[in-house]
Amino acid sequence: MLLLAIGRRMVTGARRGLTLIELLIIMAIISMVAALILAGVSRMKTKSRNVQRIGDLTTIQQALEKYVDEHNYLPPTTGTSGSCETNGAYCREQLDLNSPIAKILIEGNYLDKIPSPPTFSSSDHYYFSEWGGSTNENHIHYALESHLEPGRINGDFSPVGVDVSKLNSCLNAK
């Protein structure tokens, strides 16, 4: 009787569930699709943060250009949130709410606020470098920097509003 029932099931083709192999194949396919989707979402988040960084640098650049149009030189730096050479020929500052450049741009109504980088990582900052004058109060060249993703924090930066070769030649002319 048992043999007859098995034979009848095979003939009619009626199955009540999936085999273990079929379940494993379905799980593998679902896992691969999920991995592809998550990787795509991660790339899109990275791209959107980089777009925000470039947009923020462009906003800061426009504020600096307005300042230069009115004063014929860049805002003076102090190097308190960055570094200045002893004679002030080259200065670099981290742009945040407490940086002198930020205060000048906000108090002069060139910017409403200093944009914040999209991540709150301790290594995610915007930087302002200026050079080309005899002191830190009359610089005429500048660069804005931000580390883009994916990248290392060892010098990958996105310059806006500057020919980087001019910066390199200025710094190497010591």
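Modeller: Contact here means heavy atoms within 4.5 Å. The model is predicted.

Biologist: What makes Leu105 a residue in contact with others, leaving aside its neighbours within four places in sequence?

Modeller: Leu105 is in contact with Ala63, Leu64, Tyr67, Pro75, Tyr110 and Leu111. Each pair therefore has heavy atoms within 4.5 Å.

Biologist: Which residues touch the most other members of the largest nonpolar core?

Modeller: That core has 17 residues, and Ile60, Leu64, Leu95, Leu105, Phe128 and Leu144 touch the most other members. Two or more residues come from each of helix 2, helix 3 (100–107), strand 3 (126–131) and strand 4 (141–146). Helix 2 gives the most, with five residues.

Biologist: What makes this set a nonpolar core?

Modeller: Its members are buried residues of kinds such as Leu, Ile and Phe, joined through side-chain atoms within 4.5 Å. Buried means under 20% relative accessible area. Of the 174 residues of the protein chain, 28% count as buried.

Biologist: Why is Ile25 called partly exposed?

Modeller: Ile25 has a relative accessible area of 49%. Buried is under 20% and exposed is over 50%. The value of 49% lies in between, so Ile25 is partly exposed.

Biologist: Where does Ile25 lie, and which residues make the nonpolar surface patch?

Modeller: Ile25 lies in helix 2 (residues 20–71). The patch, of about 670 Å², is made by Ile21, Ile25, Ile29, Met32, Val33, Ile37 and Val41.

Biologist: What is the pattern along the sequence?

Modeller: The protein chain reads α-α-β-β-α-β-β-α, with four helices and four strands.

Technical notes. Residues numbered from 1 in each chain as written. Predicted model: local features only at pLDDT ≥ 70, side-chain atom pairs only at ≥ 80, totals over all residues. Heavy atoms only, no water. Buried < 20%, exposed > 50% of the residue type's maximum accessible area, 1.4 Å probe, protein only. Patch = residues over 30% accessible without salt bridge, like charges linked within 9 Å, V, L, I, M, F, W, Y side chains within 5 Å. Areas by Shrake-Rupley, 256 points an atom, 1.4 Å probe, with all protein chains shown as cover. Salt bridge = Lys/Arg side-chain N within 4 Å of Asp/Glu carboxyl O.
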